[in-house]
Amino acid sequence: MKYVIGVDLGTSAVKVLLVNQDGEVTKEVARDYPLFQEKTGYSEQDPNDWVDQTMKGLSDLLHQFEGNPDDIEGISFSGQMHSLVLLDENKEVLRNAILWNDTRTTKECEEIYDRVGKDHLLDITKNIALEGFTLPKILWVKNNEPEIFNKAQTFMLPKDYVRYKLTGMLHMEYSDAAGTLLLNVKEKEWSKEICALLDINPDICPPLVDSSDEVGTITAEVAEMTGMNPFTRVFAGGADNACGAIGSGILEEGKTLASIGTSGVVLSYEASGDKDFQGKVHYFNHGAPDAFYTMGVTLAAGYSLSWFKDVFAKDIDFEELLADVNTAPIGSNGLLFTPYIVGERTPHVDANIRGSFIGMDASHEMKHFTRAVLEGITFSLNESVEIFRENGKTIDTVVSIGGGAKNENWLQMQADIFNAKIIKLSSEQGPGMGAAMLAAYGCGWFGTLQDCAQTFIKEDEVYYPIKDNVENYKAIFKFYQEVFPLTLTLNKQLMNYRN
Ligand SMILES: Nc1ncnc2c1ncn2[C@@H]1O[C@H](COP(=O)(O)OP(=O)(O)O)[C@@H](O)[C@H]1O
Ligand SMILES: O=C(CO)[C@@H](O)[C@H](O)COP(=O)(O)O
């Protein structure tokens with residue numbers, strides 16, 4: 001039996017999957033790393049933590065593997081998007097990575113609009129300037145840390161940096177490059193024009209490759225450290241959401257994905273790169289050849305739940321925390337939560353808004369708060385579902401992946417709030433599976449990614465919307481939507497008291 005490895009470099013952890021030719025995940029290892037939040041709005045990680053933990057994860061996997069390492073033919077990567085890694089002339093990391101959920105760059109977004117023009121930016125990149133994208137982060141370093149910026153020879157994204165450390169070969173692939181705001185998404189080339197308008201040397205942009213391109217083999221040193229065969233073929237991989245889409249079979253029009261990881265995403269396949277969503281949703285290159293996808297993003301989806309657990313229930317695990325949520329009624333007995341704890345992206349582009357619990361009552365217990373958090377996260381994702389429906393998309397079936405798909409009550413809640421059939425796959429590790437599929441396709445096991453999907457993707461459970469619940473949630477969703485405008489001014493004023 002032959003195998004491939006899919007590495008998913010998430011925000012909370014790196015997950016390493018060993019997948020056989022039948023698409024079965026035969027081993028799975030996860031290793032986490034810290035997130036640094038020095039100030040409100042800041043979010044950083046050390047790129048070397050990603051590399052160390054990936055190497056350890058691969059080594060753990062190889063130790064547990066009872067077969068012959070020579071049978072592991074290929075490896076590929078999925079990674080958190082947008083996060084900026086800057087390298088010097090010796091390809092050493094210059095500072096911590098500034099992550100996708102770091103929102104310190106509001107001024108830089110304004111600078112981009114001033115110098116490039118909003119419509120022109122949208123024409124070239126298909127996207128608006130959001131604090132989370134990479135270009136505003138590059139400008140932030142240029143404006144605030146010129147001594148570091150002047151030393152920068154190249155910029156990278158997380159999984160591209162890890163792949164570089166494993167192979168010695170430096171590339172970026174299109175699905176992640178699309179999230180930088182420096183790529184001409186339709187033409188698939190770096191925008192020299194945007195670089196010129198913002199006084200950025202275009203040479204910092206790395207060479208571009210396709211997701212399934214073979215970029216080399218692992219180095220002898222990495223082989224030695226992990227137990228892998230030095231001839232293991234390495235394929236570029238994709239942005240975590242592009243890989244999540246591949247790993248969930250979102251490979252043709254009409255298919256929708258909901259991912260609840262640290263962020264939350266509702267994603268839809270697009271065959272062409274010339275539709276106009278006016279920047280209401282993100283519009284990026286897919287990891288599948290010549291395809292695209294659109295998506296809405298909740299900045300703190302799983303992160304709202306893990307924040308809640310860390311602050312109020314540190315000593316129990318997620319299973320215990322969620323064990324009795326179903327004994328609390330729909331609407332959490334009149335308690336609403338908005339998951340804006342690090343600001344929001346879709347549908348409210350607002351780095352300063354913050355979350356709320358509305359309607360706290362003396363009768364509320366832990367289970368009501370926990371349920372309200374799950375409901376608030378899912379309502380936020382439903383705002384993206386609504387945008388897609390308003391733009392004419394039919395959303396009747398949604399594949400649900402990510403850590404949030406581990407809980408069956410939450411899956412039923414998604415069915416009831418989205419008013420759509422929810423499919424849970426046999427592995428909730430969509431991005432890691434997508435990365436493994438890119439390696440399997442790259443190794444020539446299948447003629448197309450679609451063929452690979454037929455073998456690799458297996459449905460586990462289906463959750464159907466329950467009519468009464470759907471009606472109840474429709475009414476509560478309207479109240480949820482009122483919280484943003486009602487708390488806007490208050491949150492602006494409170495900003496002065498955040499450190
Ligand atoms: N058993 C569980 N039930 C429900 N949600 C969970 C469970 N375990 C983890 N999660 C949620 O999943 C999130 C992590 O999902 P994951 O897809 O691994 O994220 P990432 O790819 O960003 O690292 C956590 O923040 C948490 O909210
Ligand atoms: O910023 C985005 C997408 O635009 C996020 O979806 C990141 O890609 C991080 O993903 P997770 O760690 O939540 O998987």
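C195 is buried in this predicted model, with a relative accessible area of 1%. The count of disulfides comes to zero, and C195 is in none: the nearest cysteine sulfur, that of C205, is 4.3 Å away.

**Cysteines**

- A disulfide is a covalent bond between the sulfur atoms of two cysteines.
- A pair of cysteine sulfur atoms has to lie within 2.5 Å to be counted as a disulfide.
- C243 is buried, with a relative accessible area of 0%.

**The annotated site at D240**

- An unreviewed UniProt entry gives the feature "active site" at D240.
- D240 is in helix α10, which covers residues 240-247.
- Is D240 buried or exposed? D240 has a relative accessible area of 16% and is buried, because buried means under 20% relative accessible area.
- Which residues does D240 contact, leaving aside its neighbours within four places in sequence? They are D8, S78, G79, Q80, M81 and P431.
- The side chains of D240 and N241 are joined by a polar contact of 3.2 Å.

**Ligand 2**

- There are 15 residues around ligand 2, and those that come nearest are T11, H82, D240, S263 and R345.
- The annotated residue D240 has a polar side-chain atom 2.8 Å from an oxygen atom of ligand 2.
- In the side chain of T11, an N or O atom is 2.5 Å from an oxygen atom of ligand 2.
- The side chain of N241 also has an N or O atom 3.0 Å from an oxygen atom of ligand 2.
- Ligand 2 exposes 370 Å² when taken alone, and the protein buries 94% of that.

**Ligand 1**

- Ligand 1 is surrounded by 20 residues, of which S12, K15, T262, G302 and E319 are the closest.
- A polar side-chain atom of E319 is 3.0 Å from a nitrogen atom of ligand 1.
- Backbone atoms take part too: a polar backbone atom of T11 is 3.3 Å from an oxygen atom of ligand 1, and a backbone N or O atom of G403 lies 3.0 Å from an oxygen atom of ligand 1.
- On its own, ligand 1 has 580 Å² of accessible area, and the protein covers 88% of this.

- UniProt, in an unreviewed entry, lists residues 3-247 as "domain: Carbohydrate kinase FGGY N-terminal".
- Over residues 3-247, the chain is 36% helix and 24% strand.
- The end C-alpha atoms of this stretch are 16 Å apart.
- N229 lies in the loop between α9 (220-226) and β14 (233-235).
- N229 counts as buried, at 13% relative accessibility.
- The side chains of N229 and D70 form a polar contact of 2.7 Å.
- Leaving aside neighbours within four places in sequence, N229 is in contact with P69, D70, I218 and A223.

**Helix α4**

- Why is helix α4 (residues 134-144) described as largely enclosed by the rest of the structure? The reason is that eight of its 11 residues are buried.
- The buried residues of α4 are T134, L135, P136, K137, I138, L139, W140 and V141.
- These buried residues pack against several elements, including the strands β6 (85-87), β7 (97-98) and β8 (154-156).
- Helices are also among the packing partners of α4, namely α2 (106-116), α5 (146-149) and α8 (192-197).

**S356 in strand β21**

- S356 is part of strand β21, which covers residues 356-358.
- With 12% relative accessibility, S356 counts as buried.
- S356 touches L336, F337, T338, V483 and T487, not counting residues up to four places away in sequence.
- How far apart are the C-alpha atoms of S356 and F484? They are separated by 9.2 Å, although the two residues are 128 residues apart along the chain.

How values were computed:
Residues numbered from 1 in each chain as written. Chains lettered and ligands numbered in written order. Predicted model: local features only at pLDDT ≥ 70, side-chain atom pairs only at ≥ 80, totals over all residues. Heavy atoms only, no water. UniProt positions renumbered as here; feature names shortened; annotations may be inferred. Helix = DSSP H or I, 4+ residues; strand = E, 2+ residues; numbered from the N terminus. Buried < 20%, exposed > 50% of the residue type's maximum accessible area, 1.4 Å probe, protein only. Contact = heavy atoms within 4.5 Å. Polar contact = N/O pair within 3.5 Å; in protein donor to acceptor, adjacent residues only side chain to side chain. Near = heavy atom within 4 Å. Areas by Shrake-Rupley, 256 points an atom, 1.4 Å probe, with all protein chains shown as cover.
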